[in-house]
Amino acid sequence: MKVTPLLIHGEDTLLSPPDRLDSCSASTTPFQGVTPDLALQAVKSSEQAFPSWSKTPPAQRRHLLNKVASLVEERSDELTQCMQEEMHAPTLWAKLNVQAGIDLLRETAGLISDSMAGHVPVSQGDSYAMVLKEPLGVVLAMVPWNAPVILGLRGVVAPLAAGNTVVLKGSELSPRTHYLLACLFRDAGVPPGVVNFILHRPEDAAVTFETMIGHPAIRKCNFTGSTNVGRIIASKAAWALKPVLLELGGKNFALVLNDADSEFAAGEIVKGAFLNNGQICMSTDLVFAVGDIADTLVPGILSHLETIKDTHTVISPASKQRLQLLVDDARAKGASIHQAKVPALQDAQFPATVIEGLTPDMEFFSNESFGPVVGIVRVQTETEAMDLIQRSTYGLSAAIFTRAHFKALKLAESVRAGAIHVNGMTVHDEATLPHGGQGESGWGRFGAKWGIEEFLQTKTIILNP
């Protein structure tokens, strides 16, 4: 099968003779793993391209990003098929990925000029102060497999818009999709070195990151992935005195108040829990049902579960095993387990699952599932629900279902999360919005003007008479 190459300084790169080849994705397409020397080559290429790219007029950057968006539209079928082959993406999720990527490119392109504008603050005496914004340098973007188009583009587009160059580290679980994304920039006419693309074998992760983060040309990195890996990224970047933008895991919840539309809430919870096989950082893991609402909410959720006829496939057998351990622990501690009635399961298939009667002593209550499993917690009062919610160390996405919108606003003020959705599912993001978390869900923001600002630095010039 054709090997997925690296892309360094505008050229496809394969080692000769073949070395460090690996195949971790479901499609089993082999890819070229990077060596330390090639990783440094990619960094140096981006360093070389930075002075010219950073001076490129905003209009030219805008033109190129819009051209990339047009190429995404033209190649949407290829990208969709690749996501389906590599990470079992349902057709709906794959198409949403493509459209979200297009929206991100066009929205960011339109924000470049305003985002680069500086300020003239008041200064003492007859002096004038100017605060300028300028790009950082080379940015290392480390992107995940579960939403490879939108999250792959998200790691690259804002840094580019701000005038930085980027080394894109794709996922070994979606290597071909991420390679296709990198090719879009080359094919759109983005100069060589402005976007370089690498992959590495799992066993080479530590040495590859340490090699790049320690290079003086790398000025910042962004990482989207698990909280455990995020800790490692942050600690090693801190040692090198490099800032990071982290979008990590979440134990996302839906709080359903006693006055909510239970039928509507049940539908939104099911969508938020099972879309893309539950493998979205914003997926709904927990449901807190307040008071009598549980009597209609739970049957509503279970009725939706009965309509699911398709199997859900997670990224690997290891992921399936982890989910099974969480479900078995809940069952052993007294929970009722409800699962979709689907054909016999094979390989990494796992049925859509609802854990009824979840309690804080069960492993699922505090561990992110990242699969098609949702747990329901019955509480008597809003106060009891908020006390449990405050225990969470995560803070990415949440939902509140109620007919009392001002009550929802007041409750949202007490929730530690990057986004709180009132009468909507936890899985929601738009190109016009900031996206990121708190606590163990990371820090910093992707998206719109906030995303561009993450990759700019300020410089103050004071003019004296």
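Predicted model: local features only at pLDDT ≥ 70, side-chain atom pairs only at ≥ 80, totals over all residues.

Visitor: What makes a space a pocket, and what is the volume of the largest pocket?

Guide: On a 1 Å grid over the protein atoms alone, a pocket is an open set of points with protein on both sides within 12 Å along at least five of seven lines. Grid points are joined across faces, edges and corners, and a volume is the space filled by probe spheres set on the points.

Visitor: Why is the largest pocket said to lie between domains?

Guide: Domain 1 (6-248 + 438-463) and domain 2 (253-422) both contribute to its lining, so the largest pocket lies between them. The domain bounds come from an automatic or database domain assignment.

Visitor: Which helix gives the most to the lining of the largest pocket?

Guide: Helix H8 does, with six residues. Helices (H or I, at least four residues) and strands (E, at least two) are DSSP runs, numbered from the N terminus.

Visitor: How do the residues of that lining divide into nonpolar, polar and charged?

Guide: The lining of the largest pocket has 21 nonpolar, 13 polar and five charged residues. Ala, Val, Leu, Ile, Met, Phe, Trp, Tyr, Cys and Pro count as nonpolar, Asp, Glu, Lys and Arg as charged, and the others, Gly among them, as polar.

Visitor: Where does the second largest pocket lie?

Guide: Domain 1 and domain 2 both give residues to its lining, so the second largest pocket also lies between them. Its space is about 810 Å³. Among its 37 lining residues, Trp 93, Leu 96, Ala 100, Val 427 and Asp 429 are the closest to the centre, and H4 gives the most, with 10 residues.

Visitor: What makes a space a cavity, and how many are found?

Guide: A cavity is a set of points where a 1.4 Å probe fits but cannot get out. The search of the whole structure finds four cavities of 30 Å³ or more. The largest cavity holds about 100 Å³, and its lining comprises six nonpolar, six polar and two charged residues. The second largest cavity holds about 60 Å³; helix H6 (residues 175-188) gives the most to its lining, with three residues.

Visitor: Why is Glu 247 called buried?

Guide: Buried means under 20% relative accessible area, exposed over 50%, and partly exposed in between (1.4 Å probe, protein chains only). Glu 247 has 1% relative accessibility, and therefore counts as buried. Glu 247 lies in strand S10 (residues 244-247).

Visitor: How do you know that Glu 247 carries the feature "active site"?

Guide: The label comes from UniProt, in an unreviewed entry. UniProt positions are given in the numbering used here, feature names are shortened, and annotations may be inferred rather than shown by experiment.

Definitions and conventions
Residues numbered from 1 in each chain as written. Heavy atoms only, no water.
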